[in-house]
Amino acid sequence: MKDEPRDEKIRRQMDTFPVLPATVAEILRVTGDPESSAGDLMAALLPDQSLCATVLKLANSALFGRPRRVDSLQAAIMVLGFNEVQSIALVKAMLNTFRDFDAACAAAVESFWEHAFLTAMTTNRIALDLRLPLGPSFMAGLIHDLGKLVLLQTFGEEYGSQRWLQGCTSQERLAAERLEFAFDHAELGGQLLRQWQFPATLVTTTALHHQPGRANSDRLTVRVVQLADLMAHCCQDGATPVDATAARQALLPGIEAHWRPLGVAWGDELWTRWDAWLRDNRQHSLEFRGLLAA
């Protein structure tokens with residue numbers, strides 16, 4: 001298949017991805033039902049003992065500031081909430097799906113996951129300030145670049161170079177990616193999430209985080225992910241606060257006009273506060289990933 005068209009090669013790769021595990025599918029069903037109870041969610045979790053152990057570990061971790069030890073799964077669900085448990089299940093499923101890469105790509109993949117967790121934490125922090133739902137916000141930040149892993153699994157080192165897998169994505173770079181590989185990573189990520197029957201909010205934010213003006217729903221969440229993505233890149237690249245502000249002005253011009261109709265009175269003090277928070281809490285992203293990957 002040496003001369004196989006690139007779009008066909010990607011579609012064939014997408015067909016090889018497994019469906020979500022039955023446990024995760026049931027968790028999605030339970031957490032999507034407003035009539036579900038903590039007992040229903042516990043019953044959905046119990047068949048996967050590894051996932052149960054992760055939920056308990058997170059409920060007792062310093063990340064959630066629990067003053068007393070949580071000893072039961074039902075209590076852990078009450079501490080974390082339905083959205084967090086859903087996020088944990090989805091993250092573990094993704095980490096298991098995207099775990100086999102060539103050694104030559106190991107450093108790039110490690111950098112990818114650091115960026116994913118930094119973006120997730122930042123999205124969650126901004127969502128907290130803007131009073132958006134936290135569970136979907138964290139997950140939206142975490143999986144926004146999932147399509148990059150699809151491209152990496154399909155094309156290997158050709159995509160794993162720093163040009164594509166790392167660094168901020170401008171509109172010019174997005175167009176070049178589409179020209180080179182037949183799809184851009186945002187579009188591919190959205191397609192994979194539809195295939196996995198993820199919630200619509202996560203499909204939208206993944207597919208449109210570089211083109212939020214095209215979103216018909218969840219528009220503020222898409223804008224938040226776009227901003228958090230840029231902030232995480234700046235933090236990861238070691239940009240000074242001044243350089244990070246310059247990057248925002250270059251890559252996200254006119255942010256005030258875009259956010260104001262969504263109910264957010266943009267001001268530079270927001271950027272400064274969120275940027276400082278991210279720099280102060282970068283280490284937590286590594287701790288959180290360690291707990292989920294264990």
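## Exercises on a predicted helical model

Trp266 sits in the loop that joins H17 to helix H18 (268–293). Keep in mind as you work that this is a predicted model.

**Exercise 1. Is Trp266 buried or exposed, and how many Å separate its C-alpha atom from that of Glu287?**

Step 1. Start with accessibility. The value for Trp266 is 10%.

Step 2. Compare this with the cut-off: a residue is buried when its relative accessible area is under 20%. Trp266 therefore counts as buried.

Step 3. Now look along the chain. Glu287 is 21 residues away from Trp266, and their C-alpha atoms are 31 Å apart.

**Exercise 2. Where is Trp271, and how far in space is it from Ile126?**

Step 1. Find the element: Trp271 belongs to helix H18.

Step 2. Check its surroundings. Trp271 has a relative accessibility of 2%, so it counts as buried.

Step 3. Take the distance. Trp271 and Ile126 lie 145 residues apart in sequence, yet their C-alpha atoms are 9.7 Å apart in space.

**Exercise 3. How many helices and how many strands does the protein chain have, and what is its radius of gyration?**

Step 1. Count the elements. The chain has 18 helices and zero strands.

Step 2. Compare the chain with the globule rule. Its radius of gyration is 19 Å, close to the 19 Å that the rule gives for 294 residues, so the chain is as compact as a globular protein of that length.

Step 3. Picture the outline. Along the principal axes, the C-alpha atoms fill a box of roughly 55 × 50 × 35 Å.

Step 4. Of the 294 residues, 51% are buried.

**Exercise 4. In which helix is confidence lowest, and in which is it highest?**

Step 1. Begin with the whole chain. The mean pLDDT is 88, and 97% of the residues reach 70 or more.

Step 2. Confidence is lowest in helix H11 (residues 162–165), with a mean of 78. It is highest in helix H15 (residues 219–236), with a mean of 95.

**Exercise 5. Which residues other than glycine have a positive phi, and where do they lie?**

Step 1. Take Arg131, whose phi is near 60°. Arg131 is in the loop between helix H7 (106–130) and helix H8 (134–142). With a relative accessible area of 78%, Arg131 is exposed.

Step 2. Take Asp218, which has a positive phi of about 50°. Asp218 is in the loop between helix H14 (200–208) and H15. At 28% relative accessibility, Asp218 counts as partly exposed.

**Exercise 6. Which residues line the largest cavity, and which helix gives the most to the lining of the second largest pocket?**

Step 1. Recall the idea behind the search. Rolling a probe the size of a water molecule over the atoms shows where empty space is left.

Step 2. Describe the cavity. The structure holds one cavity of 30 Å³ or more, and the largest cavity has a volume of about 30 Å³. Its lining is made of Lys148, Trp164, Thr169, Arg173, Leu174, Glu177 and His185.

Step 3. Sort that lining. Two of its residues are nonpolar, two polar and three charged. Helix H12 (residues 171–181) supplies the largest share, three residues.

Step 4. Turn to the second largest pocket, with a volume of about 330 Å³. Among its 18 lining residues, Gln171, His210, Gln226, Leu251 and Leu252 are the closest to its centre.

Step 5. Find the contributors. H15 and helix H17 (255–259) are the elements that give two or more residues to this pocket's lining. H15 gives the most, with five residues.

Step 6. Finish with the classes. The lining of the second largest pocket has seven nonpolar, nine polar and two charged residues.

Notes: Residues are numbered from 1 along each chain as its sequence is written. This is a predicted model: local features need pLDDT of at least 70, side-chain atom pairs count only at pLDDT 80 or more; totals for chains, interfaces and linings use all residues. Side-chain values use heavy atoms; hydrogens and water are left out. pLDDT is the predictor's confidence in each residue, from 0 to 100. Helices (H or I, at least four residues) and strands (E, at least two) are DSSP runs, numbered from the N terminus. On a 1 Å grid over the protein atoms alone, a cavity is a set of points where a 1.4 Å probe fits but cannot get out, and a pocket is an open set with protein on both sides within 12 Å along at least five of seven lines; lining residues have an atom within 4 Å of a point. Grid points are joined across faces, edges and corners, and a volume is the space filled by probe spheres set on the points. Ala, Val, Leu, Ile, Met, Phe, Trp, Tyr, Cys and Pro count as nonpolar, Asp, Glu, Lys and Arg as charged, and the others, Gly among them, as polar. The radius of gyration is taken over C-alpha atoms; the globule rule is 2.2 Å times the number of residues to the power 0.38. Buried means under 20% relative accessible area, exposed over 50%, partly exposed in between (1.4 Å probe, protein chains only).
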